[in-house]
Every structure is written in C-alpha cells, then in structure tokens.
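My entries follow the order in which I went through them.

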Amino acid sequence: MKRIIQVFMMLILVLVVSACSEGEGASEGENVLERVKESGVLRVGIEGTYQPFNFLNDNNEYAGFDIDIANDLADRLGVETEFVATKWDSLIGGLKADKFDIIIAQMTVTEERKKSVDFTDPYVVTGSVLIANEGSSGISKLEDIKGKKVGVGGGTTFEEVANSVDGADVVLYKAVNDYIQDLINGRLDVIINDQLLMSYNIKNEDLPLEIVSDVVNKDEIGMAVKNNSDEFVTELNGLLAEMIEDGTYDEIYKKWFDSEPLVK
C-alpha cells in the first residue's frame with residue numbers, strides 16, 4: 001500500500017512539473033504588445049556604448065540612431081520608452097528573462113539567433129569592413145587578415161567573419177571602444193566592425209584610422225523580441241513601414257549618417 005501511494009505521488013509530481021513547463025513555454029509567446037500598452041512603457045534593451053547607435057551623450061542621456069527609432073516607435077504605440085543598458089553578450093538572455101520587451105541595438109539577423117528570438121523586418125542594412133591604422137598596407141580584403149591580430153566584439157557577426165579566415169589571430173572584446181583603442185596603440189593589426197559606425201566615429205572623433213576594404217559581409221539589422229510574439233512583430237513591422245512611408249525614417253537616418261539608407 002505504501003508503495004502504491006509513493007508511485008501515485010510521483011505521478012502527481014510529474015504532472016505538476018509538466019504543467020509548469022507548459023506554462024513557462026507559454027510565457028515565451030505571451031502578448032507582449034498588450035502588456036506594453038497596459039503598462040504605458042516600452043522597455044528597450046541596448047548596449048549603451050555603441051556610438052552613434054546607442055550611447056550616453058554629454059547630458060548623460062541616451063542618444064543615437066537606435067534611440068531615435070525606439071522613441072518614435074513608442075510614440076506611435078502611445079507609450080514611453082525606458083532604456084535598459086546591458087552588456088552585448090547578455091542582451092538575448094535579458095530579453096528572455098523579461099528585463100526588457102525588445103532589443104533595438106544593431107543586432108544582425110542570423111539563423112542561429114532566430115532560434116532564441118523573433119526578429120522584425122530589417123531596420124538597417126549595412127556591412128562589415130576592415131579598419132586599420134592610417135597608412136597601413138597589406139590589408140585590403142578579408143583573406144589578408146590571415147596571420148594578423150584581429151580585434152572583434154565577442155558574440156557578434158564580426159567574430160564569425162574573422163573566424164572564417166584560417167590563420168587569423170582573433171582577439172575577442174566586450175566593448176568596441178576597447179579594441180579601437182588597442183588598434184590605435186598598435187596591439188592589433190586590424191579590426192572588423194560596421195561601416196556606418198566606423199565611418200561616423202573616424203570622422204567625428206578624428207580617429208587616426210581608415211577603412212581599408214569594401215564591405216566583406218552584408219548585415220541586415222532587426223529588432224529582437226521573445227519567440228512566438230507574432231502580434232508584437234506584426235505591429236512593429238507596421239509601425240516601421242509607416243515611419244518609412246511618412247519620411248520619418250529617412251530624417252532619422254540622415255541625422256546620424258548624412259547618407260541615403262538602404263532600407264526603403
């Protein structure tokens with residue numbers, strides 16, 4: 001009799017655990033859009049140190065292309081924005097842990113990331129380039145990084161591009177400013193980063209660097225939300241289309257990059 005009771009209790013425990021697991025899975029696809037509208041706040045995950053996309057300005061306020069896009073989306077949703085600065089390699093984890101509702105932080109859409117998050121339509125189309133010190137020679141195309149010390153952000157598509165070249169000595173960093181500085185100081189031969197970011201920073205920060213290659217890898221950048229957030233993605237895609245249609249997107253893009261966007 002005691003054995004039967006033990007088996008019965010174990011069956012109940014299994015059913016309870018299964019029910020909890022199903023509940024956790026369901027929360028992945030909860031109605032985030034409804035929650036955002038009810039709370040009146042769109043919580044946005046950013047890196048916060050990625051100028052000109054998302055960074056703290058001289059007034060200690062978040063500014064940048066991503067910030068302007070997020071604020072405009074929030075206005076169209078009828079809510080306020082709350083920016084949550086998070087280390088790059090913790091952004092997806094923070095989203096899944098419900099620390100914010102959306103990631104708007106120059107995250108390239110990849111098949112691997114699609115396993116963890118849902119993406120909106122691309123809101124930026126750009127590409128990876130090679131950057132070296134002014135006057136450097138011998139590096140002009142991707143295969144030239146073989147045998148070179150290459151700085152990239154860990155967990156980025158730039159890391160994947162660097163590792164695609166056998167013999168490249170790839171050094172991983174957590175912050176872009178760190179590997180830019182190491183390049184300037186001669187600790188690296190070359191770095192790989194986004195053409196828009198580097199064009200902006202080389203010009204505005206008067207960095208002694210130059211872009212030495214054409215685009216070596218095209219990137220489509222999307223906003224990331226929890227898996228199975230279909231209604232939220234549909235709403236965001238519609239709002240992004242409105243921004244493009246009414247000219248707001250062009251206005252924001254040209255404010256930061258002074259060029260024509262590839263997203264139309």
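The entries below begin with conventions and then go from the cores to the charged pairs.

**Conventions.** I am working with a predicted model, in which local features need pLDDT of at least 70 and side-chain atom pairs count only at pLDDT 80 or more, while totals for chains, interfaces and linings use all residues. Residues are numbered from 1 along each chain as its sequence is written, and side-chain values use heavy atoms, with hydrogens and water left out.

**Cores.** I looked up the nonpolar cores, a core being a set of buried Ala, Val, Leu, Ile, Met, Phe, Trp, Tyr and Cys residues joined through side-chain atoms within 4.5 Å; buried means under 20% relative accessible area, exposed over 50%, and partly exposed in between, with a 1.4 Å probe and protein chains only. The largest core has 70 residues, and L42, F65, I69, Y123, I145, I192 and Y249 have the most contacts inside it. Helix α3 (residues 65–77) gives the largest share of this core, seven residues; helices here are DSSP runs of H or I with at least four residues, strands are runs of E with at least two, and both are numbered from the N terminus. I also noted a second, separate core of 11 residues, W88, L95, I103 and F119 among them.

**Around Y123.** I then asked which residues Y123 is in contact with, leaving aside its neighbours within four places in sequence. Counting heavy atoms within 4.5 Å as contact, I found F65, D66, I69, I104, A105, Q106, I221, G222, M223, L240, Y249 and V263.

**Helices α9 and α10.** Helix α9 (residues 230–245) packs against helix α10 (residues 248–257) at an angle of about 75°, with the axes 4 Å apart; axes are lines fitted to C-alpha atoms, for helices over the stretch in contact, and angles run from 0 to 180 degrees between N-to-C directions. I therefore record α9 as roughly perpendicular to α10, a label that covers 65 to 115 degrees, with angles under 35 roughly parallel, over 145 roughly antiparallel and the rest oblique. L240, M243 and I244 of α9 make the contact with T248, Y249 and I252 of α10. These residues divide into five nonpolar, one polar and no charged, where Ala, Val, Leu, Ile, Met, Phe, Trp, Tyr, Cys and Pro count as nonpolar, Asp, Glu, Lys and Arg as charged, and the others, Gly among them, as polar.

**Salt bridges.** I looked up how many salt bridges the structure holds, and there are 14, each being a side-chain nitrogen of Lys or Arg within 4 Å of a carboxyl oxygen of Asp or Glu.

- R35 and D98 meet at 3.0 Å, N to O, and they link distant parts of the chain, R35 lying in helix α2 (residues 32–39) and D98 in the loop between α4 (91–96) and β6 (102–108), 63 residues apart. R35 is partly exposed at 21%, and D98 is partly exposed at 28%.
- D72 and R76 meet at 2.5 Å, N to O, and because they are four residues apart in helix α3, about one helical turn separates them. D72 is buried at 15%, whereas R76 is partly exposed at 26%.
- E111 and K114 have their closest N and O atoms 3.2 Å apart. E111 is exposed at 59%, and K114 is partly exposed at 40%.
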